[in-house]
Amino acid sequence: MEAAAPQRELSGEKAQRIIEAMRDSVAERGAAGSTIEHVARQAGVSRGLLHYYFGTKERLLVEVVRRDSEMRINRLDEPIAGAKTVDDVLDVLVASLMDIIENEPAFFLLLFEVFSAGRRNADIQRELGQLFTRTIGHVGTALRAKESEGVLKLRFDAEAVVSYLFAVGDGFALQALSDPERDHSATLAASVVAARFLLTDE
């Protein structure tokens, strides 16, 4: 696989169009069918400009996952800050997970594609690891704030708890999207009980 190229400034309108085109293409065709040529055409830019900003298809996928992850994590800030009980916190986390599964499943397709690409490319693997570290730290800070308010009483370090919750959420999403005909409500209920144990000593 081609090495990841140096990333350019991504604040421009054309870069944003490329990112949105890749997100839409993955939702419609999957990651494998979302070629550089198709994404460039859908974004209304040349292949050369796409390569200038991102270098490779895999780096573009990383950028889409990064932006989507940061947006979703930031959306948690206000509802978690307003939570008054451990069950309020759990409701926020479950609602966020189910919203992505039901309304934006392409996010998980992108995440798993980037994970697979990272197995073959050390730069992508490192970037994905850094993304997990940032998002886990962000939510961990929010949970520590709730603990200081007396809403939670974490049984383990905040980042360890968040890492576990993310792992459960990603695994649940994989099962739910792979077998949509199956009733996953019991699995979700069991996951909530396990999560509640980590968030409180009640």
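Among contacts in the protein chain (heavy atoms within 4.5 Å) between residues at least 6 apart in sequence, 69% join residues at least 24 apart. The structure is a predicted model, in which local features need pLDDT of at least 70 and side-chain atom pairs count only at pLDDT 80 or more, whereas totals for chains, interfaces and linings use all residues. Residues are numbered from 1 along each chain as its sequence is written, and side-chain values use heavy atoms, with hydrogens and water left out.

The protein chain contains nine helices and zero strands, where helices (H or I, at least four residues) and strands (E, at least two) are DSSP runs numbered from the N terminus. The pattern read along the sequence is accordingly written α-α-α-α-α-α-α-α-α. The C-alpha trace spans about 60 × 40 × 30 Å along its principal axes. The radius of gyration, taken over C-alpha atoms, is compared with a globule rule of 2.2 Å times the number of residues to the power 0.38. For 202 residues, a compact globule would have a radius near 17 Å, and the 18 Å of the protein chain agrees with this. Of the 202 residues, 42% are buried; buried denotes under 20% relative accessible area, exposed over 50%, and partly exposed in between, with a 1.4 Å probe and protein chains only.

Helix 1 covers residues 13-33. Its 21 residues would reach 30 Å in a straight helix at 1.5 Å a residue, but the end C-alpha atoms are only 24 Å apart; the expected span is 1.5 Å times one less than the number of residues. Helix 1 also has a kink of about 95 degrees, centred on alanine 27, the bend at a residue being the angle between axes fitted to the seven residues ending there and the seven starting there. The buried residues of helix 1 are Ala15, Ile18, Ile19, Ala21, Met22, Ser25, Val26 and Ala31. Their cover includes helix 2 (36-43), helix 3 (47-54), helix 4 (57-81) and helix 6 (106-118).

Two valines illustrate contacts between separate parts of the sequence. Valine 86 lies in helix 5 (residues 86-103) and is buried, with a relative accessible area of 4%. Apart from neighbours within four places in sequence, valine 86 contacts Val151, Leu152, Arg196, Leu199 and Thr200. Valine 86 and leucine 199 are 113 residues apart along the chain, yet their C-alpha atoms are separated by 6.9 Å. Valine 162, in helix 8 (residues 158-178), counts as buried at 1% relative accessibility. With neighbours within four places again left aside, valine 162 is in contact with Ile136, Val139, Gly140 and Leu143.

The structure holds four aromatic pairs. The rings of tyrosine 53 and phenylalanine 54 have centres 6.2 Å apart and planes at 50 degrees, so this pair is tilted. Rings of Phe, Tyr and Trp (its six-membered ring) pair if their centres lie within 6.5 Å; planes under 30 degrees apart count as stacked, over 60 as edge-to-face and the rest as tilted. Tyrosine 53 is buried at 13% relative accessibility, and phenylalanine 54 is buried at 0%. Ring pairs join Tyr52, Tyr53 and Phe54 in a cluster. Elsewhere, the charged end of arginine 155 sits over the ring of phenylalanine 197, 3.7 Å from its centre; this arrangement requires NZ of Lys or CZ of Arg within 6 Å of the ring centre and within 35 degrees of the ring normal.
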